[in-house]
Amino acid sequence: MKVVVFCKSVPDTETRVKLKDNRLDKSEIKYILNPYDEFAVEEAVRMKEAGKVDEVVAISMGPERAREALRSALAIGADRGILIKDDVLDGSDTYVTAKVLVKALEKDGAEYGMLLFGQQAIDGDTWHVPGQVAEMLGLPQAGSIIKLEVDPDAGKAVANRLVEGGEEVHEMSLPCVVTCRKGLNEPRYPSLPNIMKAKRKPIQDYSIADLDLSPEEVGKAGSFTEVLSYSLPPKKEAGRKVEGEPEEVVQALVKFLKEEIKVI
Amino acid sequence: MIKGVDFMIMEEFLAEEEKIIRDTTRKFVEKEVLPIIGDHYDKGTFPTELIPKIAQLGLLGITTPPEYGGAGASYFSYGLACQELEWCDSGLRSLVSVQNSLCMYPIYTYGSEEQKEKYLPKMCTGETIGCFGLTEPDAGSDPASMRTTAKKVDGGWVLNGNKIWITNAPIAQIAVVWAKTEEGVRGFIVERDTPGFETPEIKKKMSLRFSPTGEIVLEDCFVPDENLLPGSTVGMKAPFSCLNRARYGIAWGAVGAAAFCFEKALNYTKDRVQFGKPLASFQLVQRDLADMFTEVTKCQLLVYRLGRLFDEGRASHVMVSMAKKTCTMTAAQVARKARELLGGNGVSLEYHVIRHLCNMETTTTYEGTDKIHSLIIGRYLTGINAFR
Ligand SMILES: Cc1cc2nc3c(=O)[nH]c(=O)nc-3n(C[C@H](O)[C@H](O)[C@H](O)COP(=O)(O)OP(=O)(O)OC[C@H]3O[C@@H](n4cnc5c(N)ncnc54)[C@H](O)[C@@H]3O)c2cc1C
Ligand SMILES: Cc1cc2nc3c(=O)[nH]c(=O)nc-3n(C[C@H](O)[C@H](O)[C@H](O)COP(=O)(O)OP(=O)(O)OC[C@H]3O[C@@H](n4cnc5c(N)ncnc54)[C@H](O)[C@@H]3O)c2cc1C
């Protein structure tokens, strides 16, 4: 059974975001593999190590730097990568992204048993793509899972999701879509020998033409949504310290919550 | 090129796997070591349970070929790993330097096939930790004047003498010991359980407190013939070739420590308000920050170029001396400035910079003191030996 993990190259969590000409200023940004995707890669590799999966394929759509994100997935233990890279993809929204990813899946052929995603990308933070892909393919999906049991012979998977006050258990037929979050597993540190081995694992490049898509179907032209403007969150004001005896502090705090910011 | 300081946009000169090696090492030390280091430093202890974790990452055996269990990575990658390890702590980096450059390198380069197969795979997994015994109570900067002897006897050698200031000695399973035979200096692998081999720990040291340091006492210590490193020529060439690699890693490591201190000072002075304004808004503070930033950037350019030359086989030992000398001295100055900019907090282990400052007293001393490297560069420039 082949499983596919979707990997996005995103700005490092410690990036200080700057804007330039109403776009993100990318000049000083360092990129990493989306941390939520790491849970997905780890889970897929563990399934392979447990003998339930034969091949783990990592797919990314993005500019050249996305190759590094794929290389990180290969270092954790994915077998090969697919990079969808084309200048006309610039400006694509989540719908186009999902459409392109589905095309790449079809192009890669061979049946897959499961599609694994991170629950969200830490940059765009839309949570859209996995659901859109599942919908386009008509596959069952479980989002934000914290436990996964796969039985390839029986053709099913059981996934647990955290919901308010408890857990929800989903049984799905394969192939299915899952999105991964913290708690599912503890991603390993890729070891130096495996990083060196990843260097020699194949990454297949696809352009839009390779996927039988036209420029009008992707990028801004193919998108339903468009980003009109960016703005930074308002600057954090200096905190205020409430001092005094416990009773005084509580009273001051309640007064503040009730009267000043009116949340209670 | 190191997170936090990459003013000359060096990132684009790194290969994919180099970035992953750097980032993985950083993630590891940030999560697994930085939170516990203050307590260990305070008590002068080293958590040996860390060794299997470090080994699992492949940090013991970075340049060792895969057939002996290593990663087979480049010296440039080794340098990046040293940088990230020492961003955390010089003692942590020392553990890895000694294992890789001072123990595995001579076994790989001068060892017999049997020695390589016997020791290297277990050194990669951390089951076997090595130490390197060169310095003696009466032979430091001038190791050729060593007094430790190896006398040929039937079936082996009898070693007598004292080594001092030996990193990892108290926790090591093997020691690569340099001793004088009738022909000159040779290297020997001495195993922990050999009768007449002791490694008392050196206490009360105020630097590199995360790294166990000891003596090696050799009293009629019998070492079989098969433990002589057969490929090393007689004399100081072999131990110096090891030191050259370790010094290279120390230079990279110092950049990590310096970058840590600079970033800490920058963030601290931006947050800390005195006289109604952030410290970073005072001209005197900005000059310090500008100087630190510039010095770290200069050192980065140096080790970057040295790393590439090293892998091309074009790095001379004089270049390595220059990098070791200037990077460690720079890191010492940057740590000193950072310590000052953090005010009273600067002397607390909670803020880490005092630890780096204390560590730099060792990194500017071991593997050739600052002065010794000046003499090496001076001899290269003038052709005149000013050592004696
Ligand atoms: C924490 C720590 C770990 C160490 N780990 C190891 C290890 O694993 N293995 C190992 O073999 N050694 C190790 N060492 C030893 C280290 O390499 C020596 O301390 C170093 O080489 C200096 O030797 P020394 O201490 O004998 O000082 P000395 O050689 O006595 O030097 C004292 C001072 O005199 C100066 N000096 C010496 N000669 C000259 C000259 N010709 N002209 C001008 N000035 C001169 C030096 O620069 C120095 O400032 C370690 C040391 C420390 C502190
Ligand atoms: C071991 C120890 C014992 C102590 N004992 C006592 C004690 O008994 N009683 C007591 O009251 N205090 C004591 N102190 C506190 C000590 O006096 C303060 O640490 C010192 O005054 C510096 O203040 P700070 O730590 O808040 O640093 P800060 O004032 O925050 O200074 C941080 C850095 O910014 C620089 N800086 C500050 N303002 C400016 C400016 N305008 N322009 C340029 N640079 C500036 C400083 O030079 C310093 O490098 C002690 C401190 C230590 C470490």
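I began with Leu232(A), which I found in the loop between helix H6 (219–222) and helix H7 (246–260) of chain A. Helices here are DSSP runs of H or I with at least four residues, strands are runs of E with at least two, and both are numbered from the N terminus. I noted that this is a predicted model, in which local features need pLDDT of at least 70 and side-chain atom pairs count only at pLDDT 80 or more, while totals for chains, interfaces and linings use all residues. Residues are numbered from 1 along each chain as its sequence is written, and chains are lettered from A and ligands numbered from 1 in the order in which they are written.

**Two leucines of chain A**

Is Leu232(A) buried or exposed? I found it exposed, because 8 other C-beta atoms lie within 10 Å. The cut-offs, with C-beta atoms placed from the backbone, are 20 or more other C-beta atoms within 10 Å for buried, 12 or fewer for exposed, and partly exposed in between. Leaving out residues up to four places away in sequence, Leu232(A) touches Val17(A) and Leu19(A); a contact needs C-beta atoms, placed from the backbone, within 7 Å. I also looked up Glu260(A): 28 residues separate it from Leu232(A) in sequence, and 24 Å in space, C-alpha to C-alpha.

Next I turned to Leu137(A), in helix H4 (residues 129–137) of chain A. Leu137(A) is partly exposed, with 18 other C-beta atoms within 10 Å.

**Chain B as a whole**

I counted ten helices and nine strands in chain B. Its radius of gyration is 21 Å, close to the 21 Å of the globule rule for 388 residues, so chain B is as compact as a globular protein of that length. That radius is taken over C-alpha atoms, and the rule is 2.2 Å times the number of residues to the power 0.38. The C-alpha trace spans about 80 × 50 × 40 Å along its principal axes. Of the 388 residues, 53% count as buried.

**The core and the contact between chains**

Which residues have the most contacts inside the largest nonpolar core? They are Val5(A), Ala44(A), Ala73(A), Ala78(A) and Ala258(B), in a core of 182 residues. Such a core is a set of buried Ala, Val, Leu, Ile, Met, Phe, Trp, Tyr and Cys residues joined through C-beta atoms within 7 Å. Helix H6 (residues 237–271) of chain B gives the largest share, 17 residues. Among the residues that Ala258(B) touches are Val296(B), Cys299(B) and Val334(B).

Where the chains meet, I found 20 residues from chain B and 16 residues from chain A. Helix H1 (residues 16–43) of chain B supplies nine residues, the largest share of its side.

**The ligands**

Around ligand 1 I found 20 residues, of which Leu134(B), Thr135(B), Gly140(B), Ser141(B) and Thr369(B) come nearest. To be near, a residue needs its C-beta atom, placed from the backbone, within 6 Å. Strand E1 (130–133), strand E3 (156–167) and helix H10 (370–382) of chain B each give two or more residues to this shell, and E3(B) gives the most, three residues.

How values were computed
Contact = placed C-beta atoms within 7 Å.
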